[in-house]
Amino acid sequence: MFINIFLWASIIWVAPLACYLLINEAKFKKNIVIGVTLPYQAREDEKVQEILKRFKKQQILVCIILLVLAIPCLFAKGLGLSMALWCSWIDLLVILPNVVYVMNNKALKKVKAENGWKRENTDSIRIDTVTIPPDKWLSPWVFFPAFFLSLLPVIWDKNFWTLYAILAAIPVTFWLIYRYLYRNKSETIDENTGLARVLTQVRRRNWRRMWLVCAYCFSALSLVIFLTQSNPMLGIILTIAIVFFITLAIIRVEMNTRKIQEKLTAQSGRDWYVDDDDKWIGGIIYYNPNDSRFIINNRIGTNSSFNLAKPAGKAIMGFVVLLLIAMPFTGILLDSIAGKEIELELTKTGIVSTNGSARYSILYEEIAEVELLEKLPMKMTRKFGIGMENLLRGSFSAEGIGNMEVCLDPRYPPFILITTRNDKHYLFGTRHTDLTKQIFEQLSASLNSEQEF
Amino acid sequence: MAELKKMPAAEKQLTDCIICIIICNANNAMKRVHFMIFYFDFSSDIPLYIQLRNQIVIAIAEGKLLPGDRLPTIRALAEESGINMMTVSKAYQLLKQEGYIHTDRRSGAVIASRQKGSSVPPETIEALRLNISELRLAGMSRDDVISLCMKLYEEGQ
């Protein structure tokens, strides 16, 4: 139940957050509302207002439906079923609000066409050289302290060096995202070049802020993991606090950008204005074969998106769709892995433990010591592998033992701890208490006889 | 100042932005800003690099771009327009070959000063011959063609 509550608490808030961000799309920013560019006079139009109100109501309704649908996830038994339910819920979270968005985008486009606000689709573009932003970027050295801080714990804790290396790679990744997932393009919305320059600066500044905050927060995460090893509960609480802080910081940056975009463009759209609606499918997906760029800036807010007309864009979209389809099956997959028998047997040459595709074998002559543990070692942490309530498999670390390879069901003690001559540790078990004991006795006996011989 | 400190972040950023817009507009009004607007027609039969080259040549002839004015960098123009960098580079190379611009590492592409009486390439004469023939075939009289040429020439003064 604790795991279910933990999963619930760490995922559920995404639904109201998505609802809040989408409802914000119903406010005019850069002459755009729900992905449709409209002239200034359309802001007070009755039909437009009606669609905007309906959009907000539908988004709130979707949010409530999602919150209700999350209730059964709380009572799911087993990690596999719980994962399957949550992954299906995440699929719905991605699909439902966007379906509502696209429906209302279509309705607005219809009103736009009826009122003659639609500009003729042309294949031409207009570039004002005065608004072209400078090609200046933060030095990677600004991100370097975050990289260094993430890697710092390796000096004292070599056991988890892979984890710290991954965490250190995150600030580097954030610098790469900051530098290469942003299109250095002006935010032109009308003929006011001063406004375009300022909007561009606001976006650039907030983009920079977002990735710097993320980089330094992740370095804090590395330090938290290192400093709270003796107190895992404190570690979990601090990790949640950091994730919460990062999310809050990102939302604040995004909302600041949107607020400024809204206020600065409150009076625009009266004469000539930029209308790129024909390049945005459903107001969400950018498709422009005339644009050679793969990365493009979202029209509203700070984020970036992909050009689906490029092969890489299609590949990413295909991958995302496949991921959404495959996600609910991960739970079933986990259950099928965990359901497979954990076999432990003594062969002519050594001891072999198998579970599904995983196989661990140790030769008798390699074994230095064997011990029967009535319970799992203290403070066992997973480094790599599976950690379910009915299967522990992969590389783990434990206090007093260090690194070890594990293949067992934690519900069925005892467990056989094997130490090899080159100081490697293995912890094995089966789902049959008597069988484990019997194998331990046979193994001890054969080792003793070998030693006597 | 004390009031500014109390403002929420977004409000403060907004105040900064308004100040920034005023400065930008004031700067534009105070000094001659050498900028121009490019149009690219993706449905046209004319290649994009020729479209870019032609617009720069016309801007120079019309005095919108003066000797010493900098053109946007290849990367910046490509990012802004979505046109491939190679296309922009090709247009700049052509302009350089024709002597309209010169490039160096520090300043990028700069409008070159042209001597009066610079030689006209034979291709330009041929193109003019073709254009005059087309106007003739369209039914324009000699005087109409000459007055049209004079009008277009005056626009570039």
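Me: Where is Pro414(A) found?

Reply: Pro414(A) lies in the loop of chain A that runs between β14 (402-408) and β15 (415-420). The model is a predicted one.

Me: What makes the peptide bond from Pro413(A) to Pro414(A) cis?

Reply: The omega angle of the bond from Pro413(A) to Pro414(A) is near 0°, and the bond is cis.

Me: Why is Asn31(A) counted as buried?

Reply: The cut-off for buried is 20 or more other C-beta atoms within 10 Å. Asn31(A) has 22 C-beta neighbours inside 10 Å, so Asn31(A) counts as buried. Its place is the loop between α2 (14-24) and β1 (32-33) of chain A. Asn31(A) also has a positive phi, about 70°, although it is not a glycine.

Me: How do you know whether Ile34(A) is buried or exposed?

Reply: The count is set against the cut-offs: 20 or more for buried, 12 or fewer for exposed. Ile34(A) has 26 other C-beta atoms within 10 Å, so Ile34(A) is buried. This residue sits in the loop between β1 and β2 (36-37) of chain A.

Me: Why is α2(A) called roughly parallel to α5(A)?

Reply: The axes of α2(A) and α5(A) (residues 79-114) cross at roughly 20° and come within 11 Å. Angles under 35 degrees count as roughly parallel, so α2(A) is roughly parallel to α5(A). The crossing of α2(A) and α5(A) is right-handed.

Me: Which residues of α2(A) meet α5(A)?

Reply: Val14(A), Ala15(A), Ala18(A), Cys19(A) and Leu22(A) of α2(A) meet Leu93(A), Pro97(A) and Tyr101(A) of α5(A). The residues of this contact divide into eight nonpolar, no polar and no charged.

Me: How do you know that β3(A) pairs with β1(B)?

Reply: Pairing needs at least two bridges between the strands. β3(A) and β1(B) (residues 37-41) have five bridges, in the antiparallel sense. One of the bridge partners in β1(B) is Ile37(B), the partner of Asp128(A).

Me: Which elements of chain A each supply at least two residues of the side that touches chain B, and how many residues does the contact take from each chain?

Reply: The contact takes 30 residues from chain A and 30 residues from chain B. On the side of chain A that touches chain B, β3 (124-128), α8 (193-227) and α9 (232-264) each supply at least two residues. The largest share, seven residues, comes from α8(A). The residues of this side divide into nine nonpolar, ten polar and eleven charged.

Key. Residues numbered from 1 in each chain as written. Chains lettered and ligands numbered in written order. Predicted model: local features only at pLDDT ≥ 70, side-chain atom pairs only at ≥ 80, totals over all residues. Contact = placed C-beta atoms within 7 Å. Helix = DSSP H or I, 4+ residues; strand = E, 2+ residues; numbered from the N terminus. Nonpolar A, V, L, I, M, F, W, Y, C, P; charged D, E, K, R; others polar. Axes fitted to C-alpha atoms, helices over the stretch in contact; angles between N-to-C directions. Parallel < 35°, antiparallel > 145°, perpendicular 65-115°, else oblique. Left-handed = near helix turned anticlockwise from the far one by under 90°.
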